[in-house]
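Welcome! Here is a short briefing to read with the structure open beside you. Take it one topic at a time and find each residue as you go.

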Amino acid sequence: MSGTSYTYSQQLMGTTVSLKLFVENLTAVSAVFNAIEKLEARLTVNRYHSEVMSINHAAGKQPVAVSKLVFDLICKAKAASLLPDSKFNLAIGPLVKLWKIGFNGHSIPEKDEIARRLTLTNPHHIELNRTNQTVYLAKAGMEIDLGAIAKGYIADIIKLLLAQYNIFQAIINCGGNVLTIGYSPITADKQWHIGLKRPFAEANNLLGIIHVEDKSVVTSGIYERYFIFNDQLYHHILDPHTGYPLNNELHSVTIISDNSLTGDIYSTIFYGLGIRQGLSELKKKQNIGVIFVTRDKKIIIQSNQHFTFELTADDYQLISYS
Ligand code: FAD
Ligand code: MG
């Protein structure tokens, strides 16, 4: 295995998606980007037409039959939404569309409109029929939003696709979602070195380095998609109980896991749980590790032996549980 790497990038899903390989295989590269483009076209809620949008357009009218791929992701997203204390909610669409955070035209909505839209976000009102593979949104105006998990799902599919081309060493980065495949051929310790970003700073300004092998590293943070109004920061992870951005002690949560869908689900769930409840939940979840970055410059880690972390920022305090 040579140490030469080949990196390819494309703008997809509102972010830069990049793929790093250690063999030159342009057929595999174009298969990967074509697959992501097609998956985005099925899962997006940012265009008028997609499989998910066909469900949203039929809200309150009729069930819609979808492909197994879309149905399976919606089932997983609904299950994650119904976990005890979960602030993940796949039915959050009407509020995401109202706030438009990260998109043109964001603003602070009227209280009454937030309250009205909250009545359209009950995940129990998403009816799934496994036999017919249909999804029905029981109230008009309901909207599924898979923005918090679709990138993870797609990254896992890309890993399988690369395997078909006999590629077992790679990194796929979907902006905040990094999936490392195999071990690293370019580092002495054979681990991949993934940067943990300093909140609200330039992309290359890091708090430290995460060392992993064959793991997904997914971050949910409040410093990429937000706006400030009257000194108050409004970010894109919404509290499904209040309809406002989740308000807690955290700047970001990073989940280290075997697959990226799990990481994507739990980065949002653990952001919602916060540190105290999150750490206690982690004792039951040995299959994931977590890094919390707080507003008051603490990095709190429970690795569960899935990664090691090297602190590089001297203004942050590292607190580590193992
Ligand atoms: P995460 O923290 O994982 O999730 C936050 C996102 O999930 C929010 O942006 C919102 O969409 C949703 N959300 C908010 N609150 C909750 C909650 N309580 N429970 C569940 N979900 C919640 N961006 C563009 O600018 N233009 C595009 O055209 C575009 N197209 C996309 C197409 C696809 C298929 C996907 C997956 C994403 C696309 N995006 C696009 C980005 C998208 O709008 C989100 O901003 C992005 O997916 C957030 O990912 P994250 O990992 O940063 O955030
Ligand atoms: Mg997520």
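## A first look

Tyr223 has a relative accessibility of 11%, so this residue counts as buried. Please keep in mind that the model you are looking at is predicted.

**Tyr223 and its ring partner**

- The ring of Tyr223 pairs with that of Phe200: the centres are 6.0 Å apart and the planes meet at 70°, which makes the pair edge-to-face because that angle is over 60 degrees.
- Phe200 sits in the loop between strand 8 (192-197) and strand 9 (206-212), while Tyr223 is in the loop between strand 10 (216-221) and strand 11 (226-229), so this pair links distant parts of the chain, 23 residues apart.

- Trp99 belongs to helix 4 (residues 93-99) and Tyr244 to the loop between strand 12 (232-235) and strand 13 (250-257), so their pairing ties together parts that lie 145 residues apart in sequence.
- Trp99 is buried, at a relative accessible area of 0%, whereas Tyr244 is partly exposed at 27%.
- Trp99 and Tyr244 also belong to a cluster linked by ring pairs, together with Phe227 and Tyr234.
- A ring can meet a charge as well: the charged end of Arg225 sits over the ring of Phe103, 5.4 Å from its centre.

**The magnesium ion (ligand 2)**

- Which protein atoms are the donors of this ion? They are Ala148 (O), Asp264 (O), Asp264 (OD) and Thr268 (OG1), at 2.5 to 2.6 Å from the magnesium ion.
- Along the sequence, the donor residues follow the spacing A-x115-D-x3-T.
- Asp264 and Thr268 both lie in helix 7 (residues 260-282), 4 residues apart, or about one turn of the helix.

**Around ligand 1**

- There are 25 residues around ligand 1, and Lys87, Asn89, Gly147, Ser220 and Leu238 come nearest.
- A nitrogen atom of ligand 1 is 3.1 Å from a polar backbone atom of Met13.
- A nitrogen atom of ligand 1 also lies 3.0 Å from an N or O atom in the side chain of Asn46.
- On the side chain of His236, an N or O atom is 2.9 Å from an oxygen atom of ligand 1.

**Asp239**

- Asp239 is in the loop between strand 12 and strand 13, and is buried with a relative accessible area of 9%.
- A polar atom of its side chain lies 2.8 Å from the backbone nitrogen of His241.
- Leaving aside neighbours within four places in sequence, Asp239 is in contact with Lys87, Tyr244, Pro245 and Leu246.
- The C-alpha atoms of Asp239 and Tyr223 are separated by 17 Å, with the two residues 16 apart along the chain.

**His306**

- Look for His306 in the loop between strand 15 (298-302) and strand 16 (308-311).
- His306 is buried, with a relative accessible area of 15%.
- A polar atom of the His306 side chain lies 3.5 Å from the backbone oxygen of Asn287.
- Not counting residues up to four places away in sequence, His306 touches several residues, including Val212, Lys215 and Ile256.

Terms used: Residues numbered from 1 in each chain as written. Chains lettered and ligands numbered in written order. Predicted model: local features only at pLDDT ≥ 70, side-chain atom pairs only at ≥ 80, totals over all residues. Heavy atoms only, no water. Helix = DSSP H or I, 4+ residues; strand = E, 2+ residues; numbered from the N terminus. Buried < 20%, exposed > 50% of the residue type's maximum accessible area, 1.4 Å probe, protein only. Phe/Tyr/Trp six-rings, centres within 6.5 Å; stacked < 30°, edge-to-face > 60°. Lys NZ or Arg CZ within 6 Å of the ring centre and 35° of its normal. Donors = N, O, S within 2.8 Å, 3.2 Å for Na, K, Ca; no water. Polar contact = N/O pair within 3.5 Å; in protein donor to acceptor, adjacent residues only side chain to side chain. Contact = heavy atoms within 4.5 Å. Near = heavy atom within 4 Å.
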